[in-house]
Amino acid sequence: MSNTTESNTPKNIRIVLVETAGSRNLGSVARVMKNFGLSELWLVNPKCDRHGDEARQMAVHAPDILDNAKVVDNLPAALIDCQRAIATAGRIDQGEMKVTTPSQGMHWLRQAKTSAIVFGAEDRGLSNVEIQHCQQVMRIPVNPEYPSLNLAQAVGICCYQLQLSKENTPNVVNLTSQIAQDLIESAPIDLANRNDLEACYQQLEAVLLKIGYVYPHTATHRLRKFRNIFDRANLSPSEVAMLRGILRQVNWATAHLD
């Protein structure tokens with residue numbers, strides 16, 4: 001396990017909050033990020049004021065994180081340039097997506113150059129559609145009788161586990177495949193980023209709809225399976241480019257057939 005790089009510091013990992021409603025929660029998240037040396041905060045369609053008094057009071061000595069936070073309209077925009085993204089969820093309709101532990105999840109994130117941890121809105125968490133933009137789902141083990149964590153608490157637990165992952169290597173027995181284990185043993189990894197993969201998935205869906213392999217009412221379910229396949233493959237930028245080239249040619253060929 002000797003080739004693992006230490007260049008993947010916390011500065012390479014962004015915290016993404018989706019539709020955060022509470023200013024105090026937002027300020028508390030900024031504070032705990034500062035505690036653990038993280039600085040990249042991305043806000044997806046926030047429902048509160050990051051510049052308001054409540055947010056800044058809770059941030060204490062971390063107003064710079066609030067000031068420098070990037071605000072975007074949707075989750076794919078928040079994951080631009082990320083090679084890996086992990087969704088946090090309390091109640092999981094996982095389907096075929098891997099559910100991992102904080103220990104394994106944080107180590108997995110640090111194998112890539114740029115990664116993201118995604119947290120949902122306080123009242124609803126992340127939707128199934130939002131989760132599909134990530135490669136893995138992480139669940140914090142809590143008391144099943146009261147599983148709801150405060151947003152800042154959840155962020156703090158992940159940040160702490162991220163700090164531990166710099167020193168401890170998790171048990172890789174439960175990783176999804178030999179490919180994933182090989183990647184851990186051969187970092188750094190040249191992975192395609194999420195925006196290129198998302199463009200590939202959208203292109204794939206359009207082609208599959210055009211040739212009749214999927215229909216509008218089945219496309220979401222079928223495409224979820226393709227996402228899982230490609231995400232497990234840990235595609236490189238050149239491999240994604242090759243796949244997109246094939247899809248473009250299929251699209252051209254179907255338009256010119258008798």
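A nonpolar core is a set of buried Ala, Val, Leu, Ile, Met, Phe, Trp, Tyr and Cys residues joined through side-chain atoms within 4.5 Å. The model considered here is predicted. Its largest nonpolar core has 33 residues, and those touching the most other members are Ile15, Leu17, Val29, Leu41, Ile117, Phe119 and Val155. Two or more residues each come from β1 (13–18), α1 (23–35), β2 (41–44), α2 (53–59), α3 (63–67), α5 (102–110), β6 (115–119) and α7 (151–165). The greatest contribution, 7 residues, is that of α7.

Leaving aside residues up to four places away in sequence, Val29 touches Ile15, Leu17, Leu41, Leu151, Ala152 and Val155. A separate second core comprises 18 residues, among them Ala78, Cys82, Ala85 and Ala87.

In soluble globular proteins, nonpolar side chains tend to be buried together. Nonpolar residues also occur on the surface here: Ile211, Tyr213, Met242, Ile246 and Val250 form a patch with about 460 Å² of accessible area together. Of these, Ile246 belongs to helix α11 (residues 237–256). Ile246 counts as partly exposed because its relative accessibility is 45%, between the limits of 20% for buried and 50% for exposed.

The average pLDDT is 84, and 83% of the residues score at least 70. The highest confidence is found in β2, at a mean of 97, and the lowest in helix α8 (residues 178–184), at 52. Below 50 lies the pLDDT over residues 170–176, a stretch with 13 contacts in the model beyond near neighbours in sequence.

Notes: Residues are numbered from 1 along each chain as its sequence is written. This is a predicted model: local features need pLDDT of at least 70, side-chain atom pairs count only at pLDDT 80 or more; totals for chains, interfaces and linings use all residues. Side-chain values use heavy atoms; hydrogens and water are left out. Buried means under 20% relative accessible area, exposed over 50%, partly exposed in between (1.4 Å probe, protein chains only). Helices (H or I, at least four residues) and strands (E, at least two) are DSSP runs, numbered from the N terminus. Contact means heavy atoms within 4.5 Å. Patches are made of residues with over 30% relative accessible area and no salt bridge: like charges are joined within 9 Å, nonpolar side chains (Val, Leu, Ile, Met, Phe, Trp, Tyr) within 5 Å. Accessible areas come from the Shrake-Rupley method with a 1.4 Å probe; for residues, only the protein chains shown count as cover. A salt bridge is a side-chain nitrogen of Lys or Arg within 4 Å of a carboxyl oxygen of Asp or Glu. pLDDT is the predictor's confidence in each residue, from 0 to 100.
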